[in-house]
Amino acid sequence: MKKVKTQPTDDDMRYLRLLSHTFPTIAEASTEIINLQAILNLPKGTEHFLADIHGEFEAFQHILKNASGNIKRKVNDIFGNQIRESEKKELCTLIYYPRQKLELVKEKEEDINDWYHITIHHLVKVCREVSSKYTRSKVRKNLPAEFSYIIQELLHERTEDVDKTAYISAIIDTIISTGSADDFIVALSNVIHRLAIDQLHILGDIYDRGPGAHLILDTMETYHNWDIQWGNHDILWMGACAGNEACICNVIRLSLRYANLVTLEEGYGINLVPLATFALDTYGNDPCEEFLPRLLNGDDSMDEKTRLLTARMHKAISIIQFKLEAQMAAQHPEWHMDDRAVLSFVDYEKGTITLNGQEYTLTSNSFPTIDPTSPNELTLEERALMDRLHHSFVVSEKLDRHIQLLLSHGCMYAVFNNNLLFHASIPLNEDGSLKEVELYGGRLFKGMELMHNIGMIIRSAFQNDTDEAERKYSIDYFLYLWCGKDSPLFDKSKMATFERYFLKEKETHKEEKGYYFKLRDNAQICDRIMDAFGVEGPNRHIINGHVPVHVKTGENPIKAEGKLMVIDGGFSEAYHKETGIAGYTLVYHSRGFQLVQHEPFTSTRDAIQRGTDILGTTQIVEMSSHRMRVSDTNKGEEIRQQICDLEKLLYSYRHGIIKERERKR
């Protein structure tokens with residue numbers, strides 16, 4: 001241990017006096033140093049990376065429970081050929097869904113007490129394995145209060161010790177005889193879930209497409225250790241919560257497009273009856289063929305009447321969206337989004353639109369709420385509707401709670417253990433240099449400063465003490481983040497929403513990607529980005545999602561000579577046909593990186609009743625030459641600094657600079 005020999009500075013003394021309240025004696029400071037030095041030598045905790053979940057709650061829940069196959073690998077390592085494959089499969093299902101699986105077991109098991117004995121022994125072995133890389137203190141903090149002492153005894157006593165065999169058997173006998181076996185198994189399974197993954201990283205896009213975004217965030221409210229790098233769909237909902245009406249329209253439009261109103265209506269209590277009434281009154285004779293919802297995998301559960309109403313609501317909110325987006329673009333000329341005032345380019349008599357000097361015929365020309373002389377103005381009825389929808393979003397307590405959760409756990413980017421995490425892109429120039437982007441109506445930022453300042457703008461939209469003009473700018477800026485050309489969350493030439501609805505010509509649908517997406521397979525470009533963000537070390541990486549990897553066409557998620565990993569493989573059911581798989585997840589444990597390619601998840605019911613799992617192909621991306629320890633991580637750097645501070649405190653105690661004192665009892 002390096003000895004502290006220099007006199008503490010004045011700044012040191014202020015901090016050391018505070019530190020002395022926590023460690024008031026030489027003995028306590030010394031004990032903490034010993035503890036921290038020991039922690040540095042523990043294996044690195046397992047990190048779990050997910051991206052682009054898009055409301056697929058059941059698949060998300062299952063991947064959390066099986067830790068992207070990490071628990072199954074542990075079970076195989078522990079038991080090998082000691083038990084049959086079918087027994088290992090049953091054990092995994094029990095760990096994933098303990099309460100539901102127990103009900104099925106009790107229906108068919110003839111000797112349930114014998115099953116309890118065997119199963120609890122197996123679960124203790126798995127729990128012992130997943131807890132082995134943590135301190136006893138950390139394990140203890142993750143144990144349920146009602147079974148904490150019992151689990152600790154079982155984890156730290158070995159049946160190989162003959163003297164302890166009867167002791168352990170007596171504990172398990174008593175658990176069973178007191179009728180506590182079910183609760184104990186559930187508790188032990190939950191501990192395994194909790195300890196199998198040390199930290200969860202979500203690389204954006206919890207919202208949209210699938211029906212369970214609110215359920216995912218309900219889960220995250222109690223999840224032990226996680227962070228999120230906001231995605232464009234998360235930002236859209238954050239903007240809607242903040243009161244950005246163009247974002248509100250986009251949120252509703254996407255929900256209608258995928259016939260998914262569960263999150264809006266049941267999750268957040270958003271009242272869409274006024275929209276339905278307005279749509280029937282305004283578009284009651286319009287077939288709205290362009291706006292019929294996209295039903296996945298031949299879903300025929302929606303009757304024709306409901307499908308037509310959904311299409312009319314879809315069109316109604318889309319036209320309002322185009323108007324509001326044009327108004328907001330006019331208020332912010334610095335966004336350079338005049339080309340998105342598409343309703344101004346329509347010839348309503350001819351039923352055509354002129355884009356980039358080319359005239360195109362619209363697929364339909366029914367626009368009853370548009371005044372050709374003022375196409376971007378809302379009618380009185382549209383304004384009244386938006387007032388009601390605006391109110392519904394900003395007063396939703398649950399939506400506000402979930403957005404606050406995203407704010408407290410999230411940011412635009414993060415650096416963890418030499419990995420740079422962000423959702424979509426870093427704006428670049430054609431030569432690969434960092435692109436300067438205008439913020440705050442005139443100031444230019446690039447790279448890390450750009451991402452940091454965007455994060456500050458987002459947060460200021462939800463802070464009551466923000467200046468009124470600044471807050472309005474912040475709330476407006478959510479729309480730019482959603483569809484602005486230089487937004488790190490979009491980074492395309494345009495969002496061709498109108499064109500996809502009303503024009504058949506595919507060239508008008510094209511959204512040209514920014515230079516990040518064109519250059520990201522270049523290792524030098526990735527190095528340049530990581531340098532700009534202060535990411536160091538020989539094994540550093542960029543990890544992001546946003547753009548689905550098209551596996552079926554041969555696209556590789558590992559790019560730039562292994563320096564970039566794109567883990568959006570199409571988690572959402574809407575992407576399965578396009579990508580050929582059902583998403584990627586990444587696991588970073590003490591021995592290296594493993595990328596897991598997932599097949600579609602059938603259902604929770606199948607997983608419980610038939611033991612089906614999300615079948616995945618594991619690809620070893622990068623293995624470490626040595627088993628990584630806490631000392632190799634960012635946490636290790638923090639601990640070394642804590643040790644240094646404690647050594648200064650010891651020096652101060654031993655040289656009479658700070659006096660030891662009795663701890664208050």
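Is Lys101 buried or exposed? Lys101 is buried, with a relative accessible area of 3% (buried is under 20%, exposed is over 50%, and partly exposed lies in between, using a 1.4 Å probe and protein chains only). This residue sits in helix H6, residues 98-108. Lys101 and Met386 are 285 residues apart in sequence, and their C-alpha atoms are 47 Å apart in space.

A word on the model: it is predicted, so local features need pLDDT of at least 70 and side-chain atom pairs count only at pLDDT 80 or more, while totals for chains, interfaces and linings use all residues. Residues are numbered from 1 along each chain as its sequence is written, and side-chain values use heavy atoms, with hydrogens and water left out.

Next, a pair of helices. Helices here are DSSP runs (H or I, at least four residues) numbered from the N terminus. The axes of H3 (residues 57-66) and H12 (residues 213-220) come within 9 Å and cross at roughly 30°; an axis is a line fitted to C-alpha atoms over the stretch in contact, and angles run from 0 to 180 degrees between N-to-C directions. H3 and H12 are therefore roughly parallel to each other (angles under 35 degrees count that way). From H3, Phe57, Phe60 and Leu64 make the contact, and H12 brings Leu215, Ile216, Thr219 and Met220 (contact means heavy atoms within 4.5 Å). Six of these residues are nonpolar, one is polar and none is charged.

Now for the spaces. On a 1 Å grid over the protein atoms alone, a cavity is a set of points where a 1.4 Å probe fits but cannot get out, and a pocket is an open set with protein on both sides within 12 Å along at least five of seven lines; lining residues have an atom within 4 Å of a point. Volume is the space filled by probe spheres set on the points. The count comes to three cavities of 30 Å³ or more.

| Space | Volume | Lining by class |
|---|---|---|
| Second largest pocket | about 760 Å³ | 10 nonpolar, 12 polar, 10 charged residues |
| Largest cavity | about 90 Å³ | six nonpolar, two polar, two charged residues |

For the classes, Ala, Val, Leu, Ile, Met, Phe, Trp, Tyr, Cys and Pro are nonpolar, Asp, Glu, Lys and Arg are charged, and the others, Gly among them, are polar.

In the second largest pocket, H27 gives the largest share of the lining, five residues. In the largest cavity, H17 gives the most, with three residues.

Technical notes:
Helices (H or I, at least four residues) and strands (E, at least two) are DSSP runs, numbered from the N terminus. Angles under 35 degrees count as roughly parallel, over 145 as roughly antiparallel, 65 to 115 as roughly perpendicular and the rest as oblique.
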